[in-house]
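Biologist: I would like to learn how to read strand pairing and a nonpolar core. Where do we begin?

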Amino acid sequence: MDLTAILVEDEANSREILRNYLAKYCQGVKLLGEASNIDEGLELIKKNEPDLVFLDVEMPFGNAFDLLDKLPDRTFETVFVTAYNHYAMDALNSHAAYYLMKPINIDELIKAVDYVKEIKEKENALEGRVLSAGPIKAEGKITLPQQDGFQVLEVGDIYFCKADDNYTEIYLEHKKILVSKTLKYFEDALSSYAFARIHKSYLVNVAEVVKYKKGKGGSVVLSNGKELSVSASKKATLLSYFK
């Protein structure tokens, strides 16, 4: 698929290099515009709604994270381009798709673009569609500890699990069960089944996902009509279940 992109970089020479590399080595990337500072970048992004933003970290009058903070519901993927490796953790926390070091390695640039294409292809294929996750029906049993013993539950009857501090709410078709275990406990317990951690608060039965809606992370709609947010950092994991 083709990608639309914007460059946000204060150094003219760096913009020229990246622009030329994209034109020569990354087919299917349409550059919509370039910005030399945060304000220009913000205006370009809002106007054009690109698929991908190449973003330098350090710029005059603000940095990359200031720009991203102003776009909490962004739908584009971010590739950081910087000469400083100490921003890697901050980039990860901002859910960047890729982190490129200057001087730019052409092979790494191609990998970054291909990775974003893969994400966007899956998003576009799934967005708004009724989904089928294929032969991944969760079959098996799980025990839920209770004060007077334990309850045995069919794994396939679980729609999703929701974190509630050190407790977890287990949502079934017509009721929910509160269990004194963390969501991480159930993430581990259900790891051999088709359950995806889509958010710090949610673990879903992928077989019950019927629709995906695009966004920074997006959201999923389950077969019972419940809509749940997807964290940007968990989006790729969720989409990997669907072909």
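**Strands, hairpins and a core**

Modeller: Strand β10 and strand β14 (residues 202-205) run antiparallel and are joined by three bridges. Keep in mind that this is a predicted model.

Biologist: Which residue in β14 is the bridge partner of Lys162?

Modeller: Tyr202 is the partner of Lys162.

Biologist: With which other strand does β10 pair in the antiparallel sense, and over how many bridges?

Modeller: Two strands count as paired when there are at least two bridges between them. Here, β10 (residues 160-164) pairs with β11 (residues 167-171) over five bridges. Phe160 faces Tyr171 of β11. The two strands form a hairpin with two residues between them, and Asp165 has a positive phi near 55°.

Biologist: How many residues lie between β15 and β16 in their hairpin?

Modeller: Five residues lie there, and Gly218 in the turn has a positive phi of about 95°. β15 (residues 209-213) and β16 (residues 219-222) are antiparallel, with four bridges. Val209 is opposite Leu222 of β16.

Biologist: Now the core. Which residues of the largest nonpolar core touch the most other members?

Modeller: Members of such a core are buried and joined through side-chain atoms within 4.5 Å. This core has 19 residues, and those touching the most other members are Leu18, Leu22, Phe54, Val79, Leu109 and Val113. Elements that each supply at least two of its residues include β1 (3-8), α1 (12-25) and α5 (106-126). The largest share, four residues, comes from α5.

Biologist: What is Leu22 in contact with, leaving aside neighbours within four places in sequence?

Modeller: Its contacts are Leu7, Gln27, Val29, Phe54, Leu109 and Val113.

Terms used:
Residues are numbered from 1 along each chain as its sequence is written. This is a predicted model: local features need pLDDT of at least 70, side-chain atom pairs count only at pLDDT 80 or more; totals for chains, interfaces and linings use all residues. Side-chain values use heavy atoms; hydrogens and water are left out. Buried means under 20% relative accessible area, exposed over 50%, partly exposed in between (1.4 Å probe, protein chains only). Contact means heavy atoms within 4.5 Å.
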